[in-house]
Structures are given as structure tokens and as C-alpha cells.
Amino acid sequence: MDLGIRGRRALVTAASKGLGRGCAEALAASGVDLVINARGADALAATAAEIRAAHGVDVTEVAADITSEAGRAAVLDAAGAVDILVTNAGGPPPGHWSEWAREDFIRALDANMLTPIALMQAVLPGMMARRWGRIVNITSQAVKAPIASLGLSNAARTGLTGFVAGTARQVAPDGVTINNLLPGIHDTERAASLDGAAARAEGISPDEARARRAATIPARRYGTAAEFGAACAFLCSAHAGFIVGQNLLLDGGATNTTL
Ligand code: NAP
């Protein structure tokens, strides 16, 4: 399917690896020029070069911490007028409700709620003035069904979801859609680190932790960044203009809900 977005310009944050990279690659495959960001300059440059070579689109890279005000300013400055925004940042560490202090919550809220909100506030006026825009926030399955050990993530991402629910309806009259993608477990470095933590806690190997987790998923496997990116690109496509304020689970059926 031609997604109808060839020649559009997208900003994808936290995109040198994993799900952010999957989204960037899928947009590039549809002919979208990119501004991509991550903290580590080397991995970012390598990803940008691979995407340019594979898809022939323009890729601008900005090495910066997207959760800092200075980092966001640098990224937004390089991005300029974008048609598509995909927000992403690293997830908070696992832990226990009894251990988290105010500063832990502030860090999680900054990264996974206030950063995507600030990015949306920056690009929305231009998208609305041009009467076309697509925003996708990468959140988590934890928004639909809490993961107790990721309480910091549950809290921050649910706050973002509430903001999007209201705002998406306010900007839709101007041709801009905002939706959230909710990953269940996907095969990325983040998943390997979560499996490592589970393995240490249970005294088993990381492979065993992964096998046990996969066995709980109806699809019996982890998702891939390419599958995730394809869903993201569709939400950013010309065909998705009537999809407003939705939360799409990509979890292989892991969340046991009817709706
Ligand atoms: P990942 O494989 O660890 O990749 C994270 C990417 O984000 C890297 O490119 C990393 O590069 C960049 N990044 C991290 N912190 C950043 C920051 N402060 N500023 C700019 N770039 C930053 O992670 P992932 O699995 O793709 O996860 C992406 C998001 O989805 C996370 O919030 C995660 O919690 C959430 N999620 C993932 C899963 C899963 O199964 N993978 C499930 C549910 C939710 P640098 O380190 O060089 O900055």
C-alpha cells in the first residue's frame, strides 16, 4: 500500500535503536525525510547512514538528551517544520513501590510524560496552520494493564495518555491526528535488560527468563521493531486521518481484555 506520505518530513526522537528506529525505518521506506535523535552520537550516525543508504531519503541526526530542555531545543531547531512527530524516550527502571522517591517520579514524568507533551506543544501550531499533521507517541502496554515493577512507567505514561485523549480532539479539526502506540514486549535492548533483571531476581538465565515470558504471550514470541514501525507508519499515513486519540496495543495478545 502506498502510504501517501512521500516527501513529508518527520521527527522521530530516541531513534538510533529499538522501536524508535523501527518507526524511522518504516517512515523512510515510505519516502519520508527524517530528523532522528538519540544521546549516543556513534550509534545515531550509523543508523542515519544505514537509513540513507537503504531508502535514499534525507536524514538529519541530532545527538542530544531529549528529556532535557537544551536537548529538546537543539532537536526542535534542527527539525524545523515537520509534518510527522513520533515521540519516544528510554523507559524508567524497574523497582518496587516502597523504594521510589519524589526524584524518581520527577525523572520518569520528565522523560515519559512532560517530554512528549513539550514536543507536541512545539510542533502542533505549525501542523495546525498547515492543516495536516500526524503525531504518534510510543507509550506502553502498561497503560492498559499495569506492570507492577514498572510503576514509574505506569504513572508517567498514564498521565501522557490522559493529556492526549483531550488534546487529540482539540487539534483534529485542523487536520492533525494524535494517537498512541502501546508496545508489549518487543525484541530490543530494553527487553534484554528487563529479561536480565528478571533473570537475576529469579536466579535463572536470561534465555530462560525470555522463554518464560514468551510462553505467556498468545503469539508465543516477542514483537519485532519492524512490525512496530509498520503500524507507526500506517498511523502517520494519508489513510489514517480518521483515527483520532486512539491507543493501539501491539502485544501479541498479551493483555487479556475484550476492548
Ligand atoms: P531501546 O532498544 O533501549 O532503545 C532506546 C532508544 O532510545 C535508543 O536509540 C536510545 O539511544 C534512545 N534514548 C534513550 N533515552 C534517550 C534520551 N533521553 N534522549 C534521546 N534518546 C534516548 O528501547 P526500546 O525497547 O526501543 O523502547 C522504546 C520505548 O518503548 C521505551 O520508553 C520503553 O520503555 C518502551 N517500551 C518498550 C517495550 C519493549 O518491549 N521493547 C515494551 C513496552 C514499552 P541512546 O541510549 O544513545 O540515547
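Predicted model: local features only at pLDDT ≥ 70, side-chain atom pairs only at ≥ 80, totals over all residues.
**The ligand and its shell**

The ligand is surrounded by 28 residues, and the closest of these are S16, L19, A89, H186 and T188. When the residues of this shell are sorted by class, nine are nonpolar, 13 are polar and six are charged. Several elements take part in building the shell, for α1 (18–29), β2 (33–38) and α6 each supply at least two of its residues.

| Residue (backbone N or O atom) | Ligand atom | Distance |
|---|---|---|
| A14 | oxygen | 3.5 Å |
| G90 | nitrogen | 3.3 Å |
| H186 | oxygen | 2.7 Å |

On its own the ligand has 880 Å² of accessible area, and the protein covers 90% of that area.

**Two residues with positive phi**

A14, whose backbone has a place in the table above, is found in the loop between β1 (9–12) and α1, and although A14 is not a glycine, its phi is positive, at about 50 degrees. R131 is likewise not a glycine and has a positive phi, of about 60 degrees, and this residue lies in the loop between α4 (102–130) and β5 (133–138).

**The packing of α6 and α7**

Two packed helices are described by the angle between their axes together with the distance between those axes. Which angle do the axes of helix α6 and helix α7 make where they cross? The axes of α6 (residues 189–202) and α7 (residues 206–215) cross at roughly 105 degrees and come within 8 Å. On the side of α6 the contact is made by L194, D195, A198, A199 and E202, while α7 contributes P206, A209, R210, R212 and R213. By class, this contact of α6 with α7 has five nonpolar and five charged residues, and no polar ones.

Key. Residues numbered from 1 in each chain as written. Heavy atoms only, no water. Axes fitted to C-alpha atoms, helices over the stretch in contact; angles between N-to-C directions. Helix = DSSP H or I, 4+ residues; strand = E, 2+ residues; numbered from the N terminus. Contact = heavy atoms within 4.5 Å. Nonpolar A, V, L, I, M, F, W, Y, C, P; charged D, E, K, R; others polar. Near = heavy atom within 4 Å. Polar contact = N/O pair within 3.5 Å; in protein donor to acceptor, adjacent residues only side chain to side chain. Areas by Shrake-Rupley, 256 points an atom, 1.4 Å probe, with all protein chains shown as cover.
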